[in-house]
Every structure is written in structure tokens, then in C-alpha cells.
Amino acid sequence: MRWVYAARARLRLLLFREEVEQRLDEEFRFHLDMETERLVRDAGVDPREARRRARATFGGVEAHKGAVRDGRGWAWLSGLGRDVRDSVRSPRPLFALLVTAMLGLSLGLATVAFSLFDAILLRPLPYADSDRLVRVFTFNRDAPQSLHGASLPDFEDWQRQVQGLSGIAAWVSMQTHLAGRGPARMVRTAFATPQLFDMLGVRPVLGRTFRDDENVHGGDLRKVVLGYGLWQDAFGGSPDVIGREVQMRGRPHEVIGVLPPRFDYPDRAQAWMPLMSRYAVTEVWWERRDLYMHGVIARRPPDVTIAQAQADMDAVARRLAEEYPATNRDTRVRVRHLREAEVGQLGSRVSGVTAAAVLLFLLGCVNVSGLFVARAAGRAQEVAVRTALGAEPGHLMRRHVVEGLLYGLLGGAAGVAVAAAAIPALYALVPVDLPAWMQFRLDRRTIAFAASATVGTGLVIGTTSLAWHMRPRLADVLRQGDKGGLETGPSSRLRRQLTVVQVALSVALLVGTGLTVRSLLRLGQVDTGIRTDGVLVASVAGDVVPSSTREETIARHARGFRQMRDALGMLPGVHAVTAATRIPFLNAAEERPVYELYSRQRDTPATAYRGALRTSNAMPDYFGTLGVPMLDGRDLADTDTLETPPVAIVSRRAGELLFQGEHPLGQQIRWGVDPYFWATVIGIVPNTTWHQADDGGIEFYFHHGQFPAETMRFLISTRNDPALLATSVRRTLESVDPNFVVERVVPFDRIAYEALWQRRLWTFLFLVFGTVAVVFTSAGLFAVMSYLVTQRTREFGVRTALGATPSDIVATVLRHGAGIAAVGTVGGLLGALAMGSYLEALLFRVSRFDLVTFSSVPIVIGVVTLIACALPAWRASRVDPLIALRD
Amino acid sequence: MARKQDDLRGSLDLVILKTLSLAPMHGWGIGQRIRQMSAGVLAVNQGSLYPALQRLEKQGLIRSDWGTTDNHRRARYYRLTPSGRRVLGDEIDSWRRFAEGLGAVLRST
């Protein structure tokens with residue numbers, strides 16, 4: 001008889017699995033209902049509380065179902081499927097939501113940071129064997145920080161003499177006037193030697209690149225290789241473009257090739273022309289060794305280290321110094337990795353941001369681990385029951401790892417979604433076009449990173465919660481089976497420790513946030529000495545007329561630009577109009593080698609100077625329009641022309657530096673690029689700052705009518721909102737001479753604002769990280785404090801019964817929270833001190849030990865702690881001693 | 001040690017069987033009744049109760065059917081099978097002998 005019943009039970013389990021599941025559900029629900037009713041009836045508990053308690057006493061419904069099922073002994077494989085199903089089905093939406101949100105945010109932001117880090121520092125540059133590409137720079141022995149290009153004669157000597165490099169190429173980047181394909185436009189053009197393409201390993205998608213015989217000084221080399229984008233834009237991607245002619249720099253050039261998409265080296269070039277063409281640069285460039293205009297890139301053979309290449313180049317530089325002492329005596333050479341040279345300071349900034357993202361990611365993991373430990377403690381009974389019923393450790397492990405991985409996957413998916421939304425959003429903060437190699441995207445590499453981080457996180461979470469379960473505390477748990485709070489000492493200790501780590505991590509992040517925010521504020525406060533409000537900037541490029549002399553071109557442009565100025569001046573609302581070739585903020589990055597400047601009296605360059613040197617060819621009233629007063633002498637005037645002696649205006653610091661105490665007015669200076677013209681100093685202006693982050697600089701201004709000024713930036717001063725003028729300004733400029741290309745028309749304010757885009761981007765990221773860190777940490781604090789209050793309900797009841805006032809209880813809870821926060825804060829501050837060097841490159845006039853930041857972060861943490869502890873403390877103070885004791 | 005666990009587990013089974021010998025009962029009621037009968041000394045943890053019921057059913061000592069409670073709620077009622085009743089008798093005897101033996105030992109010291 002007995003076996004009949006047994007068989008019946010077994011059969012039912014095997015055949016009617018789903019039904020059995022439902023019945024277990026129903027049975028357990030019935031149990032909970034009955035227990036709730038009993039509590040309401042016998043203990044006088046209000047129904048909702050009774051429900052909660054019944055549930056707490058009963059433990060996880062799923063857990064018991066599992067425990068019941070475990071008695072049946074399913075095969076391992078079906079067990080795995082069950083683990084997955086259980087994890088998916090488990091009715092814990094809030095928990096799942098929290099975990100997904102936390103993992104998603106921290107993984108997503110880490111992925112965003114990785115995409116930046118990968119683009120700037122990790123992924124190989126998109127050129128053949130890019131790790132063997134180097135840039136070669138020159139510098140003056142006395143100013144080793146200030147690296148410049150090479151003169152053409154020097155470059156050619158290097159090319160002939162150097163042994164340690166397997167290829168070397170030079171270029172000059174310029175804006176080139178392109179006409180005849182739609183409206184005239186300016187094209188970023190690299191005038192390059194033929195080796196450039198082979199060295200970078202780029203093959204044209206159409207036609208060819210330059211041949212070696214297209215490298216002859218002064219040759220009639222009217223050839224152009226188009227970038228893919230320009231080919232699409234100007235030629236509609238037509239395949240029969242090869243052999244067609246296009247009007248560049250006023251002359252027909254033959255299109256000989258088209259390069260593949262996304263190739264834009266150097267300097268985001270859109271077109272390439274032969275460097276040696278007689279139409280590329282002026283003759284003096286081929287002759288003079290003190291015009292450091294050419295970028296040089298080289299390839300080292302696999303067996304030659306950077307140091308060896310450097311030694312070879314040093315030897316060549318020494319020979320040149322002996323041979324040409326007048327120009328090369330102080331010229332030195334530096335060889336740097338291509339990436340290092342291109343990335344510059346950006347690298348350490350991205351590293352700083354990435355370090356912060358890593359901290360945030362850790363914080364997220366710690367937070368999620370805290371959640372899992374909390375839940376694990378809540379499920380201790382389930383596990384104890386399972387173990388008591390003989391569940392194998394292997395099974396337990398599998399279940400936890402499966403669960404961890406599932407949550408990891410959820411978080412990972414959320415993270416990729418966050419990154420997919422955040423990366424394009426970040427581009428809104430990037431007002432410039434990044435070179436192709438620098439563009440950060442959600443690409444395969446980034447997704448692979450997110451995926452491996454996901455799996456890693458999942459495994460860590462799974463094994464952490466498992467490690468927690470595997471502690472030999474079974475007996476404890478079983479004994480406490482009937483009590484609501486199952487959690488015992490070790491669990492809450494672990495959670496407290498995790499919370500301390502959270503606080504420490506977010507303190508470190510907040511310090512980073514504080515320092516970068518303060519740097520940005522400092523940058524905003526910098527007095528550049530330049531008025532930008534109420535000024536509209538319109539960039540206009542003059543055309544090029546073939547077979548005209550230098551003087552003819554200068555005069556043509558000066559005439560055209562003056563006509564434009566006069567036309568603009570007649571627009572209603574326009575107060576004053578002026579222009580200059582280079583203006584602050586927009587051309588801040590364009591610095592000249594200091595040793596291109598000579599004073600006639602001394603005939604020595606100002607080599608001791610290490611800051612930035614800027615020159616600009618301006619129109620009259622340039623200084624007045626920008627609110628820069630004349631300190632001495634006179635302004636540029638329309639009466640200064642090619643027929644009158646060249647004039648110059650110097651900034652105060654420039655005057656002091658170059659004339660060493662003598663009064664600058666009346667002195668003569670020469671500017672390297674125009675080596676035959678000595679200009680007389682006629683005026684002195686105060687030092688201005690061209691970029692908020694500059695630590696000073698020296699400025700020289702020449703007259704646009706006396707020196708080449710192909711592109712002018714009009715500065716239109718108005719009493720109204722400058723943006724309102726933009727359309728009429730553009731129309732006016734285009735009507736004067738359709739061959740002049742009107743580029744961007746934008747308020748000067750906007751340009752000054754955009755000049756800080758990088759800083760703003762980093763600060764923005766830090767702000768996001770800091771905010772998320774604060775949210776995570778307050779959630780962590782809140783959870784651990786709420787739990788603590790629940791756990792000590794009985795104690796609080798006793799205390800209240802013994803006469804403790806609610807404020808005593810509140811104080812107890814707050815003290816506890818403050819203890820956690822204090823330990824974490826101290827740890828975090830120490831950590832922040834230690835990692836400050838990562839942030840150095842992101843700071844501006846703020847010490848990495850900045851007292852304000854380091855003292856305000858603990859205040860923020862204090863406030864957060866107070867908020868996070870407020871509700872638990874209030875709850876603790878409301879504990880009814882009767883209920884607490886009866887329980 | 002394994003021996004000891006078996007004894008403990010056996011005692012829970014015994015208590016359940018005893019409870020059911022009076023009348024068929026649902027899971028929650030079994031727990032309540034054990035508590036009442038033991039005057040609050042024995043409190044059965046639900047985490048052990050349901051696995052134990054499952055186990056006993058699988059051994060064919062009890063069987064379950066769905067019924068309705070006094071206030072017309074659907075509940076799963078467990079009842080003793082004849083073999084369960086037989087096992088209960090055996091177990092009670094063996095437990096008594098065990099308790100008596102233990103008592104004798106304890107008294108003599």
C-alpha cells in the first residue's frame with residue numbers, strides 16, 4: 001500500500017511539474033494568509049505590518065519551493081535550467097531594478113570613459129604599424145619645452161643623412177581656396193612630400209598618390225589628392241573624377257587620386273598637394289633654415305628604438321650646427337612617438353577621467369555587492385535549509401554564479417544602453433571636429449570592453465554572495481529560523497565595511513569633482529583683458545589670383561578686406577568694424593617659435609622666453625574694438641601701406657623681453673616668415689591672454705596692408721545682440737566679392753566659451769561621476785542604516801522602555817551613521833591625496849591639495865549622511881516598546 | 001554527527017505524523033497545532049515543515065488532497081496513510097523506549 005502513495009506523489013511531481021509549482025504557490029500563499037490573520041487576531045498587529053511579518057517569518061517563497069523541490073533530486077542539467085528560470089522569475093522587481101540601475105550607470109559611465117581612453121591612448125592609430133611611427137621636432141637649446149617643426153633645408157638634410165629611420169616625410173598644413181565646384185570654399189590642405197602616404201600605409205581608393213618625381217623644388221606640380229569627404233562633397237563621389245581639373249589657389253589642379261574614408265592625416269586634411277610645387281610655398285621656405293614650418297613624420301625600422309633614432313638625429317643635428325652655425329647653432333632635435341606627439345596633454349587628462357570612472361565603477365560594484373550581501377543574509381535560511389537537506393555545494397555555487405551572471409548581463413545591457421545614449425550626448429560638448437583617429441564611439445572594442453566588464457562583474461557578484469553563504473554558520477541560522485531578523489553579526493559587519501568603502505570611493509571622486517569644478521570656475525574668472533561681449537566674428541578668406549606677386553596679393557587682399565569693413569560699417573546697429581588674421585580664443589593654439597623674432601639692435605632671438613608667442617596682422621582700431629587700450633605710441637592706421645615703412649605694435653611683455661630695458665618705440669623687429677622686412681615699433685599695448693588657460697604670452701601685431709593676410713577675422717562691434725547681425729553680415733560680405741570665402745559667423749562670446757570645451761567636457765564628466773557617487777553612497781548608507789534600525793528594534797524598545805527619549809535614539813542612530821561616514825571620509829581623503837597626481841593635468845590654478853575642496857567634501861558627505869540617516873533614525877525613535885518586546 | 005541529525009529530523013517527522021493522527025490538517029495548521037500541543041515549547045520552522053511534509057508524502061506515510069477550510073478557503077490537507085499510521089505506532093514505541101532509557105540514565109547520575 002505504502003508504495004502506491006509514494007508512487008503517486010512521485011508521479012505527480014514528475015508529470016505535472018507546472019501544476020505542482022502552482023500548488024506550492026497556493027499552499028504557501030494560504031500559509032501566509034493564515035499567519036497574517038493570526039497576527040492580526042492574536043497580536044493586534046495592523047494588517048499590513050502583519051503581512052510583512054508573516055512574510056519575513058516565512059522567508060523567501062521561492063526559497064521554500066526550492067527547498068521542497070530539492071527533495072526530489074532533479075538532474076544537474078535540468079537544475080541549471082531551473083536556476084536560470086528561478087533567477088529570471090524571482091518576484092524581486094525592486095531588487096532587480098536597483099541592481100540593474102546601479103550596474104547600468106556605473107558600467108555605462110565606465111564604458112563611456114573607456115571609449116575616450118581607447119580612442120586617445122589605447123587603440124592603435126589607424127596607420128600601418130603605427131607604433132613605429134615617430135614625429136621629429138626641433139627646439140631651441142634654451143627653450144626645450146617649446147617644440148616646433150623643421151625648416152625645409154634641414155628636413156632635406158635629415159632625409160639624406162639619417163641612418164636610423166626607414167622613411168621620413170614633411171608637410172605644411174594650410175587653408176586652400178577652392179573654386180569652380182559650387183560656391184568657393186576653404187579646404188584644409190596638407191602640402192606634403194610623396195613618402196607621407198606610403199609611410200602611413202594609406203592606399204588611394206581611386207587613382208594614385210604623388211610619385212617621387214613630383215617632389216622637385218619649384219616644379220609645376222599642380223596635382224591634388226582628394227580626401228574621401230571632399231570627393232563626396234565637391235564631386236558627388238563621382239568615379240570619373242581622376243584627371244579632372246579643380247581650381248585651387250586660383251589655378252587649375254589635376255585630381256590624381258582619392259584617399260579612403262576617415263583618413264585625414266595630418267591636421268584633419270581634406271586634400272593633399274605636393275609640398276615642392278612652386279604654387280605651394282614661397283621660395284624663401286626652400287632656402288631658409290630658420291623657418292620651422294614643416295611637420296615631420298618618420299618611421300623607424302623594427303630593430304631601431306626611439307633612443308637610437310634620437311641618437312642618430314642628434315648626430316645629424318650636430319653636423320648641421322657645425323655646417324650652418326648662423327641658423328643651426330642652437331637648434332636641437334627631438335624624436336617622439338607619433339601617438340605621444342599627437343595626444344600631448346590630452347593623454348593625461350583622459351587618464352584622469354578614466355581613473356575617476358574606474359573609481360565609480362568600483363563604487364557601483366561595491367554597492368551592488370552590498371545589496372547582494374543584504375539579500376544573501378535574508379536568504380540565509382533558504383540556504384541553510386538547502387544545505388540541511390543535502391544540497392551539494394556545487395549546486396549552490398552554480399546557482400549563485402548563474403544569478404550573478406544574469407544580473408551582470410542585465411546591468412551590462414543597461415550599461416551599453418547608457419553608453420549608447422551618453423556618447424553622442426558628449427559630442428554636444430565638443431564644438432570642434434575631432435581628427436578621425438580621436439573620435440570615440442560605441443564600437444566593437446568598446447562593446448567588447450562592456451561585455452567583459454559585465455561578465456567579470458557578474459562573476460564577482462555571484463562568488464561574493466556565494467562566499468558569504470559558504471560561511472559555516474548553518475546551525476546559527478537554523479536555530480534562529482523562527483525569528484524575523486535572521487541576520488547576524490557578520491553580515492551587518494560586512495555591509496558596514498562595504499559602506500565605508502563606498503563613502504571612501506565617493507569622497508575620492510568628490511575631491512576630483514571639486515578640483516575640476518574649481519579649475520573651471522577659475523578659468524571663467526580669468527581676466528583676459530579682451531572684451532568679447534557685443535562683438536560678432538566673421539572669418540573671411542581671400543582668393544588667390546595666379547601670377548601675382550606677393551605685393552600684388554597683399555594689396556588685393558587689403559583692398560578687398562577694407563571694402564568689406566566699410567560695407568559692414570554701414571549696417572544698422574554696427575558700432576565699429578575691424579579685423580585681424582589671428583584673434584584670441586580662436587587662434588590661441590597657433591603659436592610661433594619664439595626664435596623667429598629678431599630685434600635689429602641685438603639681432604638675437606628672444607630665446608630665454610618660454611611662453612606662447614602670437615602674431616596677428618590687424619586693421620586699425622583692432623585694440624579699441626576689443627577694449628585694449630594703447631599704452632604708448634599710436635594705433636595702426638589706414639595710411640600705413642606697402643608704400644610706407646612697415647609698422648608693428650608690441651605687447652608690454654614682448655617689448656621688455658626683446659629690447660631688454662630699452663624703450664620699444666622706434667625699435668625695429670623682424671618676423672621670421674617675412675625675413676626681408678624690418679618693422680618699426682609704433683605702439684605698445686598691454687599683455688592680453690589669448691586663452692583662459694595660458695600662463696601669459698607675448699604678442700606682436702603687424703599691419704594687414706603690409707604683410708600677407710589671406711584670412712581675416714572681422715570683429716563687428718554692435719550695441720545689440722551680435723547673433724542677430726549674423727545673417728546681414730554674411731550677406732554683406734558675400735556681396736562685396738563672391739570669390740572671398742565667408743566662413744563661420746559667430747559671436748565672439750561663443751568663441752571664448754568654446755575655447756574651454758575640453759575643460760568643460762572633463763568637468764562635466766566629473767560632475768556626473770560625483771553626482772552618481774553621491775546617489776550611490778546615500779543609497780548605501782540609507783540601506784545599511786535602515787537595516788541596522790530593524791535589527792536593533794528590540795534594543796531600541798528596551799531603551800525607550802527604560803526611559804530613553806526619542807532624541808536619544810535618534811542620536812544613537814546618527815552617531816552610528818556618522819561613524820561609518822567618518823571612517824570612509826578619512827580613507828577617501830587620504831586616497832584623494834595619493835591619487836592627486838592623476839588630476840594634475842586637469843587643474844588650473846588650483847592646487848591638488850586645494851584646501852577649499854578638501855574641506856568642503858567632508859561637509860557634503862556629512863549632509864548626505866544626515867539625509868540618509870534621517871528616516872531610519874526617525875523610525876528608530878518611533879519604536880513602540882510594547883511591540884518591540886513582544887516580538 | 002550524522003546520526004544526531006537523523007534523530008532530530010526523525011523527531012520532526014514523528015511530531016508531524018502524530019499531529020495528523022488526530023485529524024487531517026493543512027500545513028499552517030500543523031505548525032499551529034504542534035505549538036499548542038507542546039505548550040509553545042516546540043516551534044516548527046516553515047523551512048523545515050514543508051520539506052518534511054514533502055518527504056513524508058514521498059515515503060508514502062502521508063497523502064495530500066485539496067479541501068476547504070471552515071471559512072471556505074482552499075487548502076491542501078495532509079492525512080495519514082495506513083502505513084503512516086503503522087510507522088507512527090512503531091516510532092512512538094521506539095521513541096518512548098529511547099526517552100525512558102535516557103531518563104533512567106539521567107536519573108541515575
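Student: Which residues in α6(A) and α25(A) meet?
Tutor: On the α6(A) side they are A:Met102, A:Leu105 and A:Leu109. On the α25(A) side they are A:Val768, A:Phe769, A:Val772 and A:Phe776. Please bear in mind that the model is predicted.

Student: At roughly what angle do the axes of α6 and α25 of chain A cross?
Tutor: The angle is roughly 155 degrees, and the axes come within 11 Å. Helix α6 covers residues 93–122 of chain A, and helix α25 covers residues 757–791. Because angles over 145 degrees count as roughly antiparallel, α6(A) is roughly antiparallel to α25(A).

Student: Is that crossing of α6(A) and α25(A) left-handed or right-handed?
Tutor: The crossing of these two helices is left-handed.

Student: Let us take another pair. How do the axes of α27 and α28 of chain A lie?
Tutor: Helix α27 (residues 806–839) and helix α28 (residues 851–877) of chain A have axes that come within 8 Å and cross at roughly 150 degrees. That angle makes α27(A) roughly antiparallel to α28(A). The crossing of α27(A) with α28(A) is right-handed.

Student: Which residues make the contact there?
Tutor: From α27(A), they include A:Gly817, A:Ala818 and A:Ala821. From α28(A), they include A:Gly862, A:Thr865 and A:Ala868. By class, the contact of α27(A) with α28(A) has 16 nonpolar, five polar and no charged residues.

Student: Now chain A overall. How many helices and strands?
Tutor: Chain A has 29 helices and 22 strands. It comprises 887 residues, of which 46% count as buried.

Student: What share of the chain A contacts between residues at least 6 apart in sequence join residues at least 24 apart?
Tutor: The share is 84%.

Student: Changing topic to chain B: in what order do the strands of the open sheet run?
Tutor: The three strands follow the order β1-β3-β2, and the pairing is antiparallel. The edge strands are β1 (25–26) and β2 (62–68) of chain B, each pairing on one side only.

Student: Over how many bridges do β2(B) and β3 of chain B pair?
Tutor: They pair over seven bridges, in the antiparallel sense, and β3 spans residues 74–80 of chain B.

Student: Which residue in β3(B) is the bridge partner of B:Gly67?
Tutor: The partner of B:Gly67 is B:Ala75.

Terms used: Residues numbered from 1 in each chain as written. Chains lettered and ligands numbered in written order. Predicted model: local features only at pLDDT ≥ 70, side-chain atom pairs only at ≥ 80, totals over all residues. Helix = DSSP H or I, 4+ residues; strand = E, 2+ residues; numbered from the N terminus. Buried ≥ 20, exposed ≤ 12 C-beta atoms within 10 Å, placed from the backbone. Contact = placed C-beta atoms within 7 Å. Axes fitted to C-alpha atoms, helices over the stretch in contact; angles between N-to-C directions. Parallel < 35°, antiparallel > 145°, perpendicular 65-115°, else oblique. Left-handed = near helix turned anticlockwise from the far one by under 90°. Pairing = 2+ DSSP bridges. Nonpolar A, V, L, I, M, F, W, Y, C, P; charged D, E, K, R; others polar.
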